Amino acid sequence: CSSVSINPDIVYREGPEKIPALPISLFKDRNSHLLLTRPIADIEFELRSTGTSGIPSVSRRDSQTVDIVSHVFTSLYRDFFRISTGCGLFLCPSPAEAPEMGMVKALNFLSGLLDERKYIVERYAFRSEEAASILKEWEDRTDRYIVGPPFMVNRFLNYLAQTGSVVALDPKSKIIMLGGWKRFTGE
């Protein structure tokens, strides 16, 4: 696609049925900035996805959208999980290590609701032994949450099975998975 023509008069206030269906490939195109309905100068930040096909997607957000998304994510976590305290073991890079990764940004809103959090992926290396140790350290202190993409949760469970380790979770503890990372399908 060398050029994208979007009607700037079609905006959300007219209703979602007025928003044109756009193929995913347009968001991966080098001209994806042409999809913007606001000037590039209004963009506050960009989110990036690693992309199923290996071609990253870029989503640009203006100030108003960031405000709305911030409220929506925090409200969704509260509504779905009723979380306002506890400790979170994040099986993903930290926001400092991957500040533009969409999944990490989304999980950071959950992190803000917790009393304590640990990130167990550094330079994309997963530290299973440390993850088990942290969960045991938090045992009987508070609710514990294991958070990350499905393939990382699976890697952690495989580590526990292979080492014969047992981590008993509390009744209110949860395993919260977000992110596709489809290139790990089958894991």
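This is a predicted model: local features need pLDDT of at least 70, side-chain atom pairs count only at pLDDT 80 or more; totals for chains, interfaces and linings use all residues.
Visitor: How do α2 and α3 pack, and at what angle?
Guide: Helix α2, which covers residues 63-81, packs with helix α3, residues 102-111, at an angle of about 60 degrees, and their axes lie 9 Å apart. That angle makes α2 oblique to α3.

Visitor: And is the crossing left-handed or right-handed?
Guide: The crossing of α2 and α3 is right-handed.

Visitor: Which residues make the contact?
Guide: From α2 the contact takes S70, F73, T74 and Y77, while α3 brings A106, L107, F109 and L110. Sorted by kind, the residues of this contact are six nonpolar and two polar, with no charged ones.

Visitor: Switching to charges, how many salt bridges are there?
Guide: The count comes to seven salt bridges. One of them joins D79 and R82, whose closest N and O atoms are 3.9 Å apart, and the cut-off for such a pair is within 4 Å.

Visitor: What does R127 pair with?
Guide: R127 meets E122 in a salt bridge of 3.4 Å, N to O, and R127 also forms one with E130, at 2.5 Å from N to O. R127 counts as partly exposed at 26% relative accessibility, E122 is partly exposed at 39%, and E130 is partly exposed at 34%.

Visitor: Which residues are joined into one network with R38?
Guide: Salt bridges with shared partners link R38 with D42 and D62 in one network.

Key:
Residues are numbered from 1 along each chain as its sequence is written. Side-chain values use heavy atoms; hydrogens and water are left out. Axes are lines fitted to C-alpha atoms, for helices over the stretch in contact, and angles run from 0 to 180 degrees between N-to-C directions. Helices (H or I, at least four residues) and strands (E, at least two) are DSSP runs, numbered from the N terminus. Angles under 35 degrees count as roughly parallel, over 145 as roughly antiparallel, 65 to 115 as roughly perpendicular and the rest as oblique. A crossing is left-handed if the near helix is turned anticlockwise from the far one by less than a right angle, and right-handed if clockwise. Contact means heavy atoms within 4.5 Å. Ala, Val, Leu, Ile, Met, Phe, Trp, Tyr, Cys and Pro count as nonpolar, Asp, Glu, Lys and Arg as charged, and the others, Gly among them, as polar. A salt bridge is a side-chain nitrogen of Lys or Arg within 4 Å of a carboxyl oxygen of Asp or Glu. Buried means under 20% relative accessible area, exposed over 50%, partly exposed in between (1.4 Å probe, protein chains only).
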